[in-house]
Amino acid sequence: MANCDNKARRAKRHMRIRKKISGTAERPRFCVSVTANNIYCQFIDDVAGKTLAATSTLDATFKAENGKPNMAGAALLGKMAAEKAKSANITEVVFDRSGFQYHGRVKAIAEAARENGLKF
């Protein structure tokens, strides 16, 4: 594993996590993906293979609030994700960090979503 690059190591961690985590219609998978320029959040029903709700830093509502893809923006995105989940009648989720470490922006999204009513 020492010769692998960071993307390959993250992909390996993600596959290890996905073996254990799966979303259903009652309890969808809350998938968070962080890139250098943007952050994406999705609520996925893996049984049906459908995305139930999604939000990202590219949304017009996020840009209207002058959000940036930093820690404060991640907290705002977590709040927006929880609101979209409520509008789609989602209260409980399975958190999928997509192989990213649970700190920084990923943690800020999760904590903001919990504060706004999502149950992990």
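Which helix gives the largest share of the lining of the largest pocket? I will answer that in a moment, after a word on the model.

This is a predicted model, in which local features need pLDDT of at least 70 and side-chain atom pairs count only at pLDDT 80 or more, while totals for chains, interfaces and linings use all residues. Residues are numbered from 1 along each chain as its sequence is written, and side-chain values use heavy atoms, with hydrogens and water left out.

Now the answer. Helix H1, residues 6-18, supplies the largest share of that lining, five residues. Helices (H or I, at least four residues) and strands (E, at least two) are DSSP runs, numbered from the N terminus. A pocket here is found on a 1 Å grid over the protein atoms alone: it is an open set of points where a 1.4 Å probe fits, with protein on both sides within 12 Å along at least five of seven lines, and lining residues have an atom within 4 Å of a point. The largest pocket has a volume of about 170 Å³, a volume being the space filled by probe spheres set on the points, which are joined across faces, edges and corners. Its lining consists of Asn6, Lys7, Arg9, Arg10, Arg13, Val34 and Phe100. By type, that is two nonpolar, one polar and four charged residues. For this count, Ala, Val, Leu, Ile, Met, Phe, Trp, Tyr, Cys and Pro are nonpolar, Asp, Glu, Lys and Arg are charged, and the others, Gly among them, are polar.

Buried means under 20% relative accessible area, exposed over 50%, and partly exposed in between, with a 1.4 Å probe and protein chains only. Arginine 9 and glycine 99 are 90 residues apart in sequence, yet 8.4 Å apart in space, C-alpha to C-alpha. Alanine 8, also in H1, is partly exposed at 33%. Histidine 14, again in H1, is buried, with a relative accessible area of 17%. Leaving out residues up to four places away in sequence, histidine 14 touches Asp96, Ser98 and Gly99; contact means heavy atoms within 4.5 Å.

Next, the sheet. What is the order of its four strands? The order is E3-E2-E1-E4, in an open sheet with mixed pairing. The edge strands, each pairing on one side only, are E3 (50-56) and E4 (94-96). Two strands pair if DSSP finds at least two bridges between them. On average, neighbouring strands are turned by 20° against each other, direction ignored. Axes are lines fitted to C-alpha atoms, for helices over the stretch in contact, and angles run from 0 to 180 degrees between N-to-C directions. Helix H3 (residues 71-87) packs on this sheet and touches E1, E2 (39-45) and E3, its direction making about 145° with that of E3.

As a general point, strands of a sheet pair through backbone hydrogen bonds, either parallel or antiparallel. Here is the pairing, strand by strand. E2 and E3 run antiparallel, joined by six bridges. Aspartate 45 stands opposite lysine 50 in E3, and tyrosine 40 has serine 56 as its bridge partner in E3. The two strands form a hairpin with four residues between them, and glycine 49 in the turn has a positive phi of about 70°. E1 and E2 are also antiparallel, over six bridges, with serine 33 opposite tyrosine 40 in E2. They too make a hairpin with four residues between them. E1 (residues 29-34) and E4 pair in the parallel sense over three bridges, and cysteine 31 has aspartate 96 as its bridge partner in E4. Five of the seven residues of E2 are buried, so this strand is largely enclosed by the rest of the structure.

Helix H4 covers residues 105-115, and its buried residues are Val106, Ala108, Ile109, Ala110, Ala112 and Ala113. They pack against E1, E2, H3 and E4.

Last, the loops. Most residues other than glycine have a negative phi. Asparagine 89, with a positive phi of about 60°, is not a glycine. It is in the loop between H3 and E4. Is asparagine 89 buried or exposed? At 72% relative accessibility, asparagine 89 counts as exposed. Serine 98 also has a positive phi, near 60°, and is in the loop between E4 and H4. At 4%, serine 98 counts as buried.
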